[in-house]
Amino acid sequence: MHSITHPLQPLLSKVRRIARLSEADERALLAVPHRVGRIDANRYIIREGDVPRECCLLVEGYAARSKLATDGGRQIVSFHIAGDILDLQHLFLERADHSVQSMTDAKLVWLPMVALRDLASEHPAIGTAFWRDALVDASIFREWVLNVGRRDAKTRVAHMLCEFIVRSEAAGLGTVESMRLPFTQEQIGDATGLTAVHVNRMLRELTDEGLIERTPGVLRVLDWPGFKRAATFNAAYLHAAA
């Protein structure tokens, strides 16, 4: 019904996975005012303390949500892929309490918050999808707390990668057999509470065990059931919608 080149198509595709939309819902979503921009890798999209007036949709590329400790150390609390609204919470929370940075060159679409609030109010199915998306984000955050706080180093890394693979597959961005891996080992370390050296050691162990194969920028899982076991990965917390 709609061209896949529409800037809001990734958002529509994600909302379709979450909620059943009518044609009127879809037309309204694609009619939301927006502006398109691009950003280089490793740039701030949102800074902690900002008071945003627009929400940001990630259309191409990858981003990371993070917090900084007083000593400057960074803790990544989630990774984001095409179709994710990076700051949906700012529809109702005025000030940003975290930062979001691009991990790769990225294409972004900015949408006025007022327009999104009106859309959610006038089209309850879309409002429900936004609410569900925020709840799934909260579920992911809980899993990440468990991952960093209670799993050993190899399990942490494997679990983070399993989640990324499942979410990316759902968005049509790759398969278990061949998945773009946009993270540096330092970024994986910031997400798992490990040093880059320790991350490298854990990836090497997973490779030596015949579970994965890595080439520059690409991850291939050779034994998906075994990799999930190594990660103690159960995708239930993603609620089949992430």
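Predicted model: local features only at pLDDT ≥ 70, side-chain atom pairs only at ≥ 80, totals over all residues.
User: How many helices and strands does the protein have?
Analyst: Helices (H or I, at least four residues) and strands (E, at least two) are DSSP runs, numbered from the N terminus. On that basis the protein has 8 helices and 11 strands.

User: What is the radius of gyration, and why does it agree with a compact globule?
Analyst: The radius is taken over C-alpha atoms, and the globule rule is 2.2 Å times the number of residues to the power 0.38. For 242 residues a compact globule would come near 18 Å, so the protein agrees with its value of 18 Å.

User: What share of the residues is buried?
Analyst: Buried means under 20% relative accessible area, exposed over 50%, and partly exposed in between (1.4 Å probe, protein chains only). Of the 242 residues, the buried share is 50%.

User: Which helices do the buried residues of helix 2 pack against?
Analyst: Helix 2 covers residues 23-30, and its buried residues are Asp25, Glu26, Ala28, Leu29 and Leu30. Contact means heavy atoms within 4.5 Å. The partners of these buried residues are helix 1 (9-18), helix 3 (113-122) and helix 4 (124-150).

User: How many aromatic pairs are there, and why is the pair of Trp224 and Phe227 tilted?
Analyst: Rings of Phe, Tyr and Trp (its six-membered ring) pair if their centres lie within 6.5 Å; planes under 30 degrees apart count as stacked, over 60 as edge-to-face and the rest as tilted. The structure holds 6 such pairs. The rings of Trp224 and Phe227 have centres 6.4 Å apart and planes at 45 degrees, so this pair is tilted.

User: Where do Trp224 and Phe227 lie?
Analyst: Trp224 is buried at 19% relative accessible area, and Phe227 is buried at 0%. The two are 3 residues apart, about one turn, and both lie in helix 8 (residues 224-231).

User: Which kind of pair do Phe233 and Tyr237 form?
Analyst: Phe233 is buried at 10% relative accessibility, and Tyr237 is buried at 8%. Their ring centres are 6.1 Å apart and their planes stand at 80 degrees, so the pair is edge-to-face.

Notes:
Residues numbered from 1 in each chain as written. Heavy atoms only, no water.
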